[in-house]
Amino acid sequence: MNDIDLAVPLMDGPSYDRACSLVPSEYVEAWEWFLGEEQRGGVWTSLPHRTKEDSPQYQYRLRIGADFFPVTRDSGIFWPGQDRVKQDPNKIFALSVHNSKKSFYTDVPPLYLDDGTWVIKYSVQAPGVVGSRDQNYNRKMLNCMEYGVPVGVIFATEVGYKVLGLAFVERFEPENGWFVLHGPVHKGGPDPRFASDMSYLKHMPADIEFAGQSATDDEKAR
């Protein structure tokens, strides 16, 4: 049995402020970028790391010091390499996730809840494949879940890539290969809407919890 089968659920009382004490400063600056893009509400025609100088979104790429700092890469689960951020190799956290407009992964669009939060089911890297490289991607997500560290979320729509903000990796579902992401996470202490008991699903019939249907026009606009 591999480590993804032994995943520990999200800790009780996770918060942005607590997470800041667990990660390198570059992560915190990247989180600030995700929070800012969430508020700005723009749509990116390309993922940030592929945005060219002639794009109107180019000015919004993250800079740390004088250099651009990547918040995405082609693979859906991203974390910066050791040449950019020095971290404990045994406890590296995913920085962001994104889906693709055309993908064989079965990511489920955002489900918007009455409390103002949203939930996404995000596919593990290479479901059904056992290999050190694929497990390495998933392990970074499990680290986020176990320590209460948020990830930036970018979701592809018909018109471009939408920065949804930050989300906690709230649970892992081994039976179907999904990470459940719950956001948006904002600055501050523990938020009762993010709880390991999944209280927001207690009164939701299991067969309609996530239908896997496309997001509505209103959801895409949000």
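How do β7 and β10 pair, and over how many bridges? They pair in the antiparallel sense, over six bridges. This is a predicted model, where local features need pLDDT of at least 70, side-chain atom pairs count only at pLDDT 80 or more, and totals for chains, interfaces and linings use all residues. Residues are numbered from 1 along each chain as its sequence is written, and side-chain values use heavy atoms, leaving out hydrogens and water.

- Helices (H or I, at least four residues) and strands (E, at least two) are DSSP runs, numbered from the N terminus, and two strands pair if DSSP finds at least two bridges between them.

**Which way β10 points**
- Six of the six residues in β10 are buried (under 20% relative accessible area with a 1.4 Å probe, protein chains only; exposed is over 50%, partly exposed in between).
- W178, V180 and H182 point one way, while F179, L181 and G183 point the other.

**The nonpolar core**
- A nonpolar core is a set of buried Ala, Val, Leu, Ile, Met, Phe, Trp, Tyr and Cys residues joined through side-chain atoms within 4.5 Å.
- The largest one has 53 residues, and F179 and L181 are among those with the most contacts inside it.
- Elements that each supply at least two of its residues include α2 (25-40), α3 (132-147) and β10 (178-183).
- β9 gives this core its largest share, eight residues.
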